[in-house]
Amino acid sequence: MKKLLISTLLLLGLSTNVFAQKHPPAPPHPSKSELINIKAKELDKKYNTEKKLILNHPLATKQMKRDQMKALNKRYQAEKRLLRQAK
């Protein structure tokens with residue numbers, strides 16, 4: 001009987017200790033417009049780095065650079081259009 005009482009008190013004490021701890025509040029979720037703005041900034045940054053890599057490539061000819069820039073611009077415009085539609 002004593003063992004049952006001791007184990008019950010121990011279990012009760014541990015469970016109240018766990019529930020008494022404060023849990024941190026959940027971080028606020030960004031709104032849809034904030035998410036779209038973040039994605040747009042990431043897209044612009046990615047576009048600028050790829051553009052810089054293409055234009056500064058030492059072995060590519062002018063025609064190759066022009067073709068790569070056309071493809072990059074087309075892809076960039078399509079992704080921008082998708083972001084605008086999401087708003």
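**Figure 1. The span of residues 59-86 in the predicted model.** The end C-alpha atoms of residues 59-86 lie 39 Å apart, and this span is 89% helix and 0% strand. The coordinates come from a predicted model, whereas the label for this stretch comes from a record, since UniProt, in an unreviewed entry, places the feature "coiled-coil region" at residues 59-86. Helix H3 covers residues 62-86. With 25 residues at 1.5 Å each, H3 should span 36 Å, and the separation of its end C-alpha atoms, 36 Å, agrees with that expectation.

**Figure 2. The buried residues of helix H3.** The residues of H3 that count as buried are Lys65, Met69, Leu72, Tyr76, Lys80 and Leu83. An α-helix has 3.6 residues a turn, so residues three or four places apart point the same way. The buried residues of H3 pack against helix H2, which comprises residues 32-55.

**Figure 3. The surroundings of Lys80.** Lys80, a residue of helix H3, has a relative accessibility of 19% and therefore counts as buried, the cut-off being under 20%. When neighbours within four places in sequence are left aside, the contacts of Lys80 are with Ala40, Leu43 and Asp44. With the third, Asp44, the side chain of Lys80 makes a polar contact of 3.4 Å.

**Figure 4. The salt bridge between Lys80 and Asp44.** The structure holds two salt bridges, and one of them joins the side chains of Lys80 and Asp44, with an N to O distance of 3.4 Å. Because Lys80 belongs to helix H3 and Asp44 to helix H2, this pair ties together parts that are 36 residues apart in sequence. Side chains of opposite charge can pair when their charged atoms come close. Asp44 has a relative accessible area of 26% and is partly exposed, while Lys80, at 19%, counts as buried.

**Figure 5. The salt bridge between Glu50 and Arg75.** Glu50 and Arg75 form a salt bridge in which the closest N and O atoms are 2.6 Å apart. Since Glu50 lies in helix H2 and Arg75 in helix H3, the pair ties together parts that are 25 residues apart in sequence. Glu50, with a relative accessibility of 23%, counts as partly exposed, and Arg75 is likewise partly exposed, having a relative accessible area of 40%.

**Figure 6. The setting of the close-up views within the chain.** The chain contains three helices and zero strands, and its elements, read from the N terminus on, follow the order α-α-α. Of the 87 residues of the chain, 14% count as buried. The accessible surface of the chain comes to about 8,100 Å², and 65% of this area belongs to carbon and sulfur atoms.

Technical notes:
Residues are numbered from 1 along each chain as its sequence is written. This is a predicted model: local features need pLDDT of at least 70, side-chain atom pairs count only at pLDDT 80 or more; totals for chains, interfaces and linings use all residues. Side-chain values use heavy atoms; hydrogens and water are left out. Helices (H or I, at least four residues) and strands (E, at least two) are DSSP runs, numbered from the N terminus. Buried means under 20% relative accessible area, exposed over 50%, partly exposed in between (1.4 Å probe, protein chains only). A polar contact is a pair of N or O atoms within 3.5 Å; within protein, one must be able to donate a hydrogen and the other to accept it, and residues adjacent in sequence count only if both atoms are side-chain atoms. Contact means heavy atoms within 4.5 Å. The expected span of a helix is 1.5 Å times one less than its number of residues. A salt bridge is a side-chain nitrogen of Lys or Arg within 4 Å of a carboxyl oxygen of Asp or Glu. Accessible areas come from the Shrake-Rupley method with a 1.4 Å probe; for residues, only the protein chains shown count as cover. UniProt positions are given in the numbering used here, feature names are shortened, and annotations may be inferred rather than shown by experiment.
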